[in-house]
Amino acid sequence: MNAKLDITTRQYDENGRIDTIKVTSESEVYNKNGDVYVVYKEEEDGNKATTTIKISDDEVIIKKFGSTNSNMIFKKGNITETKYRTSHGLFIIEINTKELNIDKNQVNCIKLNIDYDIKIMDLFKGRNKIDILVEIKE
């Protein structure tokens, strides 16, 4: 199924600064074993990546493949660690999911809200909030 994907990420650093990143993309949506998969391609500064969002009942996994590679797992109350591979090297990211709201009950629409603390080695520590809206086209 084809879908329109809107992602808004708000990053809060230790000094109270807020960065907002918005992505709008066409995507493909698949259902497999009770989970929903949203796949889309993105390009930033000439670097291409394919991202897959796996939506389960109580967990969201965001996998990115391309010039950057990562596998971020969000499950409320859980702390997970992932490797983030870029052209600048390998970074270890710690994710502490504070809130995870998954709404798959609306017709042709999926809404996700993820609130988590993030620590990238000794380089960055902050909080991120991601809002994802998937609007399935008929």
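Two strands count as paired if DSSP finds at least two bridges between them. Keep that in mind as you explore this predicted model.

**Exercise 1. Find out how strands S7 and S8 are arranged.**

Step 1: Locate the strands. S7 covers residues 79-86, and S8 covers residues 89-106.

Step 2: Look at the link. Two residues form the hairpin that joins S7 to S8.

Step 3: Check the pairing. Eight bridges connect S7 and S8, and their sense is antiparallel.

**Exercise 2. Describe the surroundings of threonine 82.**

Step 1: Threonine 82 lies in strand S7, and its bridge partner in S8 is isoleucine 93.

Step 2: Is threonine 82 buried or exposed? Its relative accessible area is 6%. Buried means under 20%, so threonine 82 is buried.

Step 3: List the neighbours. Leaving out residues up to four places away in sequence, threonine 82 touches Ser70, Asn71, Met72, Phe91, Ile92, Ile93 and Ile95.

Step 4: The threonine 82 side chain reaches the backbone oxygen of asparagine 71 at 2.7 Å.

**Exercise 3. Step back and describe the whole chain.**

Step 1: Count the elements. The protein chain has ten strands and zero helices.

Step 2: Judge the overall form. A compact globule of 138 residues would have a radius of gyration near 14 Å, and the protein chain has 15 Å, so the two agree. The C-alpha trace spans about 45 × 35 × 30 Å along its principal axes.

Step 3: Buried residues make up 34% of the 138 residues. The protein chain exposes about 8500 Å², with 46% of it supplied by carbon and sulfur atoms.

Notes. Residues numbered from 1 in each chain as written. Predicted model: local features only at pLDDT ≥ 70, side-chain atom pairs only at ≥ 80, totals over all residues. Heavy atoms only, no water. Helix = DSSP H or I, 4+ residues; strand = E, 2+ residues; numbered from the N terminus. Buried < 20%, exposed > 50% of the residue type's maximum accessible area, 1.4 Å probe, protein only. Polar contact = N/O pair within 3.5 Å; in protein donor to acceptor, adjacent residues only side chain to side chain. Contact = heavy atoms within 4.5 Å. Rg over C-alpha atoms; globule rule 2.2 N^0.38 Å. Areas by Shrake-Rupley, 256 points an atom, 1.4 Å probe, with all protein chains shown as cover.
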